[in-house]
Amino acid sequence: MIPQTFREVITLADGREISIETGKLAKQAHGSVVVQMGNAMLLCTVVSNYDAADVDFLPLTVDYREKFAAAGRYPGGFFKREARPSDDEVLTMRLVDRCLRPLFPKDYHSETQVMIQLMSHDDEVMPDALAGLAASAAIQLSDIPFETPISEVRVARVNGELVINPSRAQLSEADIDMMVGASADSVMMVEGEMEEISEEEMAEAIKFAHEAIKEQCEAQVKLAEAFGKKETREYEPEVENEELEKKVYDASYDKCFAIAKAGSSKQERGLAFSEVKEEVKALFSEEELDEFGGLISKYFGKAQKEAVRNLTLEEGLRLDGRKTTDIRPIWCEVDYLPSTHGSSIFTRGETQALATVTLGTSREANVIDLPTFQGEETFYLHYNFPPFSTGEARPIRGTSRREVGHGNLAQRALKKMVPDDCPYTVRVVSEVLESNGSSSMATVCAGTMALMDAGIQLKKPVSGIAMGLISDGERYAVLSDILGDEDHLGDMDFKVTGTADGITACQMDIKIKGLSYEILVKALKQAREGRLHILGKLNDTIAEPNADVKAHAPKIITTTIPADLIGAFIGPGGKNIQELQKTTETTIVITEDEATEKGIVEILGTNQEGIDKVLARIDAMTFKPEVGSVYEVKVIKMLDFGAVVEYMEAPGNEVLLHVSELAWERTENPSDVLKLGDVIDVKYFGIDPRTKKEKVSRKAILPKPEGYKERPPRDNNRGRDNRGSRDNNRGRDNNRRDNRRDDRKPREDRNNDND
């Protein structure tokens, strides 16, 4: 018996529909839904333990996976099953997590797991845009405490028109690609890439997305009501002690305010705050510390946060002594590492990134093999955040989600500035060596300079800045170039990258409700001022890309050959191309373009002479002499009836020079005129209609001897009668020959006669 199901349908402006259904699948989960758009179907489940974990934070895990079976495909690799998540899956997890996490109660510490799985794929639907909707809808059907429904949509601008949840084909033509997460009341998260748009255009796209999200939140409420809204579970809240809180506040607030106002470094400030905390703890007995130690630390952090925020709101000052619009001191350097193809250092305050660039062929492209998309990236960026960058010692267990997310943001910021005709596969790696605020934006700046140092002809340099916001509901302050502490205690963290002409990428996490678009635009414009200031520092270090790659870096030349010559160029078992690579010290990559029926040849090498030799070999293979032209050739083989000659401008391209074309005089022996190794001129006549082979002539460019007479043309009718039949009176009796044939018997018949 199929259980009862409940369903809500959301209709987009263009008529496409998104459905949310529950009641059929995964009923032991605390909440489960199937979200469908076209043939794409996502199953989302949520489970939260009833017992609180022994931690002082929310242990939330958001997991998003795309099943290969959803697209009717097998997983790649040796083991035919899904394993670790791809970078794209990790990025989707981060997008959903950033919207969900702030809406759980701050004192809710139960292990919570949200699992989203793509069960059926549709080429016209990008499922990551549905993941936030699925997660929130599943939570709404559970008894888990959660403030309000949210959703996420992708907004793109295609041919000047804003579109919600576009297809991948539409997205390829868009100049805005943003994911926006929000509740019905407030925008909470924005992330995306753009083609140098203005701050007003960005705000307009966010508004457009928010309107669509409001409808999706309403649909979740209706579904929960139809299903039967569960009572929110009771859980053990954190113990509060107002008397203790006041005692800690009174003992620490003024001291924290004074430390914040001193404008000290991160290390000095940290030590000073620690001393105040120890002084506060000294006010309590050992028994009180054992019983209330956790609360004392919590209340001290609360007082410290309030002191820092009030310093900014009241006096316009910040932890390191800057005003709200000030940018920390910057110094930069390029060509720091002698053996890399490009390198740079970007240091802003206590944040430092060392970027390197490596150049390669299409063979080094980053292969993307997902159930929903297959392709290659010829520009990609990797971001590494080692623990020493923050003065910590901790184990490294693979690439973190944070590293994936920050690297992706920097990649999106830079990739549209790499020229479309760049022949290289380009890999940028950012090593964060110090971190105190926005190492991802330092990566963008370092990446720009490293690319220019490597000789990549960027369309325009890109810089990035991290901005913050502090607001108490009435007053607010927008902070340029935020510190790590300001990121933690502020109400908004948004990172903006761009050129002098517009925004190329952004990432925002908004922690306060009801942020007005006026404040958002003001913050974006302040970010532009800071971004241009940083861009000036980059230009002072390297004003334009180097004209060429470094001497030790590989040069790459791309050319084409006819598709039917690919096999000959490669040779049997790769013999020809391997020998050519060895002798020229180059790397040669050939890919066939079926659309143009040509082979695309990439030649990579540090030695220009070697590259030229490969090009010469290709020219020789593709050499086509023109009828009527004269060419210099070399005799490479002598024959009884002529000589084999090789075009000097196309070594390996040979043709027969017949003995009759050596000279005007009759030549009996070719060696009377030529010898091996001679270099002569010949005229090319194209295909000889008689022999069906290419014809060249030496005598055609020689003057005729005095008194020379042409030999009369052969009489092709010689031996034929007037009717065109062959004269039978040539010493053969055809009738007799025919009779002889008739007299012949098969071999077996003759054997029978002998018997």
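Two strands count as paired if DSSP finds at least two bridges between them. Helices (H or I, at least four residues) and strands (E, at least two) are DSSP runs, numbered from the N terminus. The model is predicted: local features need pLDDT of at least 70, side-chain atom pairs count only at pLDDT 80 or more, and totals for chains, interfaces and linings use all residues. Residues are numbered from 1 along each chain as its sequence is written, and side-chain values use heavy atoms, with hydrogens and water left out.

**View 1. Strand E5 meets strand E6.** In E6, Arg65 has Gln117 as its bridge partner. E5 and E6 (residues 110-120) run parallel, joined by seven bridges. Helix H1 (residues 87-100) packs on the sheet and touches both E5 and E6. The direction of H1 makes about 145° with that of E5. For such angles, axes are lines fitted to C-alpha atoms, for helices over the stretch in contact; the angles run from 0 to 180 degrees between N-to-C directions. Contact means heavy atoms within 4.5 Å.

**View 2. The six-stranded open sheet.** The strand order is E1-E2-E3-E4-E6-E5, and the pairing is mixed. Strand E1 (6-11) and strand E5 (60-66) are the edges, each pairing on one side only. From one strand to the next, the twist averages 15°. Strands of a sheet pair through backbone hydrogen bonds, either parallel or antiparallel.

**View 3. Strand E9 between its partners E7 and E10.** Strand E7 (residues 150-158) runs antiparallel to E9, with nine bridges joining them. Here Val153 stands opposite Val180 of E9. E9 also pairs with strand E10 (residues 187-197), again in the antiparallel sense, over seven bridges. Met178 faces Gly192 of E10 in this pairing. A hairpin of three residues links E9 to E10. Strand E9 (residues 174-183) is mostly covered, with nine of its 10 residues buried. Buried means under 20% relative accessible area, exposed over 50%, and partly exposed in between (1.4 Å probe, protein chains only).

**View 4. A positive phi at Asp481.** Asp481 is not a glycine, yet its phi is positive, about 55°. The residue sits in the loop between strand E19 (476-480) and helix H10 (484-489). Asp481 is buried, with a relative accessible area of 1%.

**View 5. A positive phi at Lys692.** Lys692 is a residue other than glycine, and its phi is near 65°, a positive value. The loop between strand E28 (679-687) and strand E29 (694-697) holds Lys692. Lys692 is exposed, with a relative accessible area of 62%.

**View 6. The chain behind the close-ups.** The chain has 16 helices and 29 strands. Its radius of gyration is 39 Å, whereas a compact globule of 755 residues would have one near 27 Å. That radius is taken over C-alpha atoms, and the globule rule is 2.2 Å times the number of residues to the power 0.38. Along the principal axes, the C-alpha atoms fill a box of roughly 135 × 70 × 50 Å. Of the 755 residues, 48% are buried. Among contacts between residues at least 6 apart in sequence, 68% join residues at least 24 apart. The accessible surface comes to about 39,100 Å², and 47% of this belongs to carbon and sulfur atoms. Accessible areas come from the Shrake-Rupley method with a 1.4 Å probe; for residues, only the protein chains shown count as cover.
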